[in-house]
Amino acid sequence: MELRKTSSDDTSSRTINIRYLVVNVASAYNILLGRPVLNKLGAVASTRHMKMKLPSLGGWVIVIKSDQKAARKCYENSLKK
(Lines give C-alpha, C1' and ligand atoms only; values in the text may rest on other atoms or scores of the structure.)
Protein backbone atom coordinates (compact mmCIF):
# COMPACT_ATOMS: atom_id res chain seq x y z
CA MET A 1 0.00 0.00 0.00
CA GLU A 2 1.38 3.41 -0.94
CA LEU A 3 0.29 6.50 1.02
CA ARG A 4 1.36 10.12 1.29
CA LYS A 5 3.15 10.94 4.56
CA THR A 6 3.49 14.49 5.84
CA SER A 7 6.14 15.35 8.40
CA SER A 8 5.84 18.74 10.07
CA ASP A 9 6.68 20.92 13.03
CA ASP A 10 5.43 24.41 13.95
CA THR A 11 7.19 26.13 11.05
CA SER A 12 7.41 23.83 8.05
CA SER A 13 6.24 20.54 6.51
CA ARG A 14 7.22 18.01 3.90
CA THR A 15 5.17 15.33 2.12
CA ILE A 16 6.43 12.21 0.33
CA ASN A 17 4.90 8.96 -0.92
CA ILE A 18 5.83 5.88 1.12
CA ARG A 19 5.11 2.24 0.39
CA TYR A 20 3.86 0.59 3.60
CA LEU A 21 3.77 -3.08 4.51
CA VAL A 22 0.79 -3.64 6.83
CA VAL A 23 1.07 -6.51 9.31
CA ASN A 24 -1.25 -7.70 12.05
CA VAL A 25 1.09 -8.04 15.02
CA ALA A 26 1.16 -6.79 18.61
CA SER A 27 3.86 -4.14 18.91
CA ALA A 28 4.83 -1.11 20.97
CA TYR A 29 5.21 0.82 17.71
CA ASN A 30 2.59 2.32 15.40
CA ILE A 31 4.96 2.51 12.46
CA LEU A 32 8.53 1.50 11.67
CA LEU A 33 10.39 3.70 9.21
CA GLY A 34 13.27 1.89 7.55
CA ARG A 35 16.48 3.20 6.09
CA PRO A 36 15.04 3.71 2.58
CA VAL A 37 12.40 6.14 3.94
CA LEU A 38 14.87 7.93 6.22
CA ASN A 39 17.26 8.28 3.27
CA LYS A 40 14.47 9.53 1.00
CA LEU A 41 13.60 12.17 3.62
CA GLY A 42 17.24 13.00 4.34
CA ALA A 43 16.33 12.46 8.00
CA VAL A 44 18.51 11.96 11.04
CA ALA A 45 16.84 10.12 13.92
CA SER A 46 17.98 10.08 17.54
CA THR A 47 16.30 7.48 19.73
CA ARG A 48 18.12 8.82 22.79
CA HIS A 49 16.66 12.31 22.28
CA MET A 50 13.37 11.01 20.82
CA LYS A 51 13.68 13.44 17.90
CA MET A 52 14.02 13.29 14.16
CA LYS A 53 15.37 16.12 11.99
CA LEU A 54 14.86 16.46 8.26
CA PRO A 55 15.28 19.23 5.71
CA SER A 56 12.19 21.02 4.36
CA LEU A 57 11.98 21.90 0.70
CA GLY A 58 12.32 25.59 1.71
CA GLY A 59 15.73 25.07 3.33
CA TRP A 60 14.50 24.96 6.94
CA VAL A 61 15.13 22.09 9.36
CA ILE A 62 11.99 20.25 10.51
CA VAL A 63 12.31 18.86 14.05
CA ILE A 64 9.84 16.14 15.03
CA LYS A 65 9.69 15.57 18.79
CA SER A 66 8.24 12.66 20.71
CA ASP A 67 6.51 12.59 24.07
CA GLN A 68 8.57 10.45 26.48
CA LYS A 69 5.65 9.79 28.86
CA ALA A 70 3.36 8.68 26.03
CA ALA A 71 6.10 6.48 24.56
CA ARG A 72 6.78 4.84 27.92
CA LYS A 73 3.07 4.20 28.51
CA CYS A 74 2.68 2.69 25.05
CA TYR A 75 5.67 0.42 25.67
CA GLU A 76 4.37 -0.67 29.09
CA ASN A 77 0.94 -1.43 27.60
CA SER A 78 2.54 -3.57 24.91
CA LEU A 79 4.28 -5.66 27.59
CA LYS A 80 0.96 -6.41 29.33
CA LYS A 81 -0.52 -8.14 26.28
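Which residues make up the largest nonpolar core? There are 9: Ile16, Ile18, Val37, Leu38, Leu41, Ala43, Met52, Leu54 and Ile62. A nonpolar core here is a set of buried Ala, Val, Leu, Ile, Met, Phe, Trp, Tyr and Cys residues joined through side-chain atoms within 4.5 Å. Buried means under 20% relative accessible area, exposed over 50%, and partly exposed in between, with a 1.4 Å probe and protein chains only.

A word on the model. It is predicted: local features need pLDDT of at least 70, side-chain atom pairs count only at pLDDT 80 or more, and totals for chains, interfaces and linings use all residues. Residues are numbered from 1 along each chain as its sequence is written, and side-chain values use heavy atoms, leaving out hydrogens and water.

The largest share, 3 residues, comes from α1. Helices (H or I, at least four residues) and strands (E, at least two) are DSSP runs, numbered from the N terminus.

Now β4. Its side chains alternate. Met52 and Leu54 point to one face and are buried.

β4 has partners on the strand list. Strands pair if DSSP finds at least two bridges between them. β3 (residues 44-46) runs antiparallel to β4, with 3 bridges. Alanine 45 has methionine 52 as its bridge partner. β5 (residues 61-65) is also antiparallel to β4, joined by 5 bridges. Here leucine 54 stands opposite isoleucine 62. The hairpin of β4 and β5 has 5 residues between the strands, and glycine 59 takes a positive phi near 95 degrees.

Next, arginine 14, in strand β2. What is its nearest side chain of opposite charge? That is aspartate 9, 12 Å away. Lys and Arg count as positive, Asp and Glu as negative; His and chain ends are not counted. Arginine 14 is buried yet has no salt bridge, meaning a side-chain nitrogen of Lys or Arg within 4 Å of a carboxyl oxygen of Asp or Glu. The side chain of arginine 14 does reach the backbone oxygen of proline 55, at 2.9 Å.

Last, serine 56, in the loop between β4 and β5. Is serine 56 buried or exposed? Buried, because its relative accessible area is 7%. Leaving out residues up to four places away in sequence, serine 56 touches Ser12, Ser13, Arg14 and Ile62, where contact means heavy atoms within 4.5 Å.

Notes: A polar contact is a pair of N or O atoms within 3.5 Å; within protein, one must be able to donate a hydrogen and the other to accept it, and residues adjacent in sequence count only if both atoms are side-chain atoms.
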